[in-house]
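This briefing covers a predicted model.

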Amino acid sequence: MAKNVLDFEKPIIELENKIEEMRKHETMLDISKEIKTLEDKVLQLKESIYNNLTRWQRVQLARHPERPYTLDYIYMMTTDFIELHGDRNYKDDHAIVSGFAKLDNQKVMIIGHQKGRDTKTNLYRNFGMPNPEGYRKALRMMKLAEKFNVPVITMLDTPGAYPGLEAEQRGQAEAIARNLLEMSRLKVPIIVVIIGEGASGGALGIGVGDRILMLQNTWYSVISPESCSSILWRSWEYKEQAAEALKLTAEDLLEQKIIDRIIPEPLGGAHKDHQQMANTLKSVLLEELNNLLKIKPEKLISSRLEKFGKMGVFEE
Amino acid sequence: MGWFTRKKENISKESKKSDLPDGLWQKCEDCGEIIYNKQLELNLWCCPKCNHHFRIGSKEYISFLFDEGTFKEIDKKMKSADPLEFVDTKKYSERIKSTIKKTGLNDAVKTGTGKINNKKVSFACMDFGFIGGSMGSVVGEKISRAIDVAYEEKIPMIIISQSGGARMMEGAYSLMQMAKTSARLARLADAKIPYISVLTDPTTGGVTASFAMLGDVIIAEPKALIGFAGPRVIKQTIGRDLPEGFQRSEFLLENGFIDFIVTRKQMKEKLSLLIDYLHNNHK
Ligand SMILES: [Zn+2]
């Protein structure tokens, strides 16, 4: 059985393995009918499982270690990528990657959180948890894009900003706050895509834009279900309930009018077919960019202010 | 999210601050001095012996910052609507109701306009007593509207922060208040209208990572806890105790993140002087 299989994926994988096994004997026996029946069954099973995921299962899919990350999307969607490094102040944060790339012929600046795939690369990427220099690097790239009139695409996928001693010393809060302010008045279009985990301020720190999109199996909230559980229930055991209570899926956020659009994933999740996911994302980005590039900078900024101004629910 | 305490072995206990209890006198948690309430109030809730700043709320700050009778509150009635119908060990709607009853406040921030040495300002002051001063939709909206008042009337903005961070029970709505308030401050900054941020104990999480850190000038009361991640989370991450004074005002001053430390007694005069330096130079 493949590694990294989530509990609710197991029945599907078992059936798929069985079909695989049968195929080996197909040349000797005429079992194509049986295979077809099983294949139909797998499809049905997949649809019933993936259309009925709990919020916690969505969180697990968003964190699936085989999901495509920012650099994967860049390689699959764009050409002529030129990676740019450093915040020109302290260092290069490897938890955030950035650079110019071309989506077909459209020049873009792409900035995203970057996770690793194994222990070594995860340590290098700090598990996708930026330090202040990561947010400052991102801001530097946005200013560069603004100066040369190139639209910005940001990709969010982080368990949070790094809660370390040095991060505090170098002003984690200031770095995030500065980005929120500067992104709200950047003169070029910004498209934000949540490609995995959108955990709190660490995600929002590169998450202010004109269009906010979420891949189907991702989450975005003020806190992770685990931390929420530990604070409100005073135990790590209530993460499922916390995920339900936080209403943190793409469908939830669309209903809350916090995001603009959900981007469908291949059946079973983005990790099942990287290229298909990248193709879908690319066509959505091109369509969105095409619309945004028609808007004058002043209008873009005033609409952005209005967009975030409307977020929130209260009584008076 | 600092208003809950979480127990964890191998880590030394936090010093716990309490809100002002009722009674005739109080004990200073720093030096143990017994102080009569009346005396404490006359001393702006600072210990006469060691100058420890007791935690106070918006009502108290308004009482000594503004020229008498000039403060006019706005959006007084705004209340949380529990958009997620959030339930943990308790319903959020119940939590809100009981906190309103207990504190006499409708949410964790009070906003309005008033005069400081005859200079009109737009003002917001948070209350830690209301669910840890956490920021949900009401706090975000009230602060945004106060910034709009500053923008429209071309008067300086002053915000006193005191918060455990974003309010979990409003999920992503809470998170978005960070972007909303910061965007309003961007517009204020473009109009060259001054914004002074005052940090008090504690200012952490999403409040620090948005408007609290965006002042043209940022000042803090002595020894206030100021940070992004709470000390407990950092301790758990690094697996050891934190150095003395870590994330306190003096630490932030040393690291270049605040302009100066202000005692409560100097606060009004310093704010007045800063307004004088920053405001109305573009005429
Ligand atoms: Zn004392």
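**Salt bridges**

Over all chains, the count comes to 47 salt bridges, a salt bridge being a side-chain nitrogen of Lys or Arg within 4 Å of a carboxyl oxygen of Asp or Glu. Side chains of opposite charge can pair when their charged atoms come close. The model is predicted, so local features need pLDDT of at least 70 and side-chain atom pairs count only at pLDDT 80 or more, while totals for chains, interfaces and linings use all residues; side-chain values use heavy atoms, with hydrogens and water left out. Residues are numbered from 1 along each chain as its sequence is written, and chains are lettered from A and ligands numbered from 1 in the order in which they are written.

*Pairs within a chain*

- Glu133(A) and Arg170(A) form a salt bridge whose closest N and O atoms are 2.8 Å apart. Because Glu133(A) lies in helix H6 (residues 132–147) of chain A and Arg170(A) in the loop between H7 and H8 of chain A, the pair ties together parts that are 37 residues apart in sequence. Helices (H or I, at least four residues) and strands (E, at least two) are DSSP runs, numbered from the N terminus.
- Glu133(A) counts as buried at 4% relative accessibility, and Arg170(A) counts as buried at 18%. Buried means under 20% relative accessible area, exposed over 50% and partly exposed in between (1.4 Å probe, protein chains only).
- In another salt bridge, the closest N and O atoms of Glu174(A) and Arg178(A) are 3.2 Å apart. These two residues are separated by about one helical turn because they are four residues apart in helix H8 of chain A. Glu174(A) is buried at 15% relative accessibility, whereas Arg178(A) is partly exposed at 26%.
- In chain B, the side chains of Lys49(B) and Glu33(B) meet in a salt bridge at 3.9 Å, N to O. This pair links distant parts of the chain, 16 residues apart: Lys49(B) is in the loop between helix H1 (37–42) and helix H2 (58–65) of chain B, and Glu33(B) is in the loop between strand E1 (25–27) and E2 of chain B.
- Lys49(B) is exposed, with a relative accessible area of 58%, and Glu33(B) is partly exposed, with 29%.
- Salt bridges that share partners join Arg211(A), Asp260(A), Arg261(A), Glu287(A), Glu288(A) and Lys307(A) into one network.

**Interface of chain A and chain B**

- Chain A gives 50 residues to the contact and chain B gives 62 residues, contact meaning heavy atoms within 4.5 Å.
- About 4,900 Å² is buried between chain A and chain B, and carbon and sulfur atoms give 71% of this area. Buried area is the accessible area (1.4 Å probe) that two parts lose on being put together, summed over both.
- Two salt bridges are found across the interface. One salt bridge joins Asp190(B) to Arg185(A), with the closest N and O atoms 2.7 Å apart.
- There are 13 residue pairs in polar contact between chain A and chain B, both residues at pLDDT 80 or more. A polar contact is a pair of N or O atoms within 3.5 Å; within protein, one must be able to donate a hydrogen and the other to accept it, and residues adjacent in sequence count only if both atoms are side-chain atoms.
- H8(A) gives nine residues, the largest share of the side of chain A that touches chain B.

**Buried parts of chain A**

- Gln172(A) lies in helix H8 of chain A and is buried, with a relative accessible area of 0%. Leaving aside neighbours within four places in sequence, the contacts of Gln172(A) include Pro130(A), Tyr162(A) and Phe228(B).
- Helix H3 (residues 55–62) of chain A is largely enclosed by the rest of the structure because six of its eight residues are buried. Among the buried residues of H3(A) are Arg55(A), Trp56(A) and Arg58(A).
- Gln114(A), in the loop between strand E3 (106–113) and helix H5 (119–125) of chain A, is buried, with a relative accessible area of 5%. The side chain of Gln114(A) reaches the backbone nitrogen of Leu71(A) at 2.9 Å.

**Surface of chain B**

- Leu24(B), Trp25(B), Ile34(B) and Tyr36(B) form a nonpolar surface patch with about 490 Å² of accessible area together. Patches are made of residues with over 30% relative accessible area and no salt bridge: like charges are joined within 9 Å, nonpolar side chains (Val, Leu, Ile, Met, Phe, Trp, Tyr) within 5 Å. Accessible areas come from the Shrake-Rupley method with a 1.4 Å probe; for residues, only the protein chains shown count as cover.
- Tyr36(B) is found in strand E2 (residues 34–36) of chain B and counts as exposed at 51% relative accessibility.
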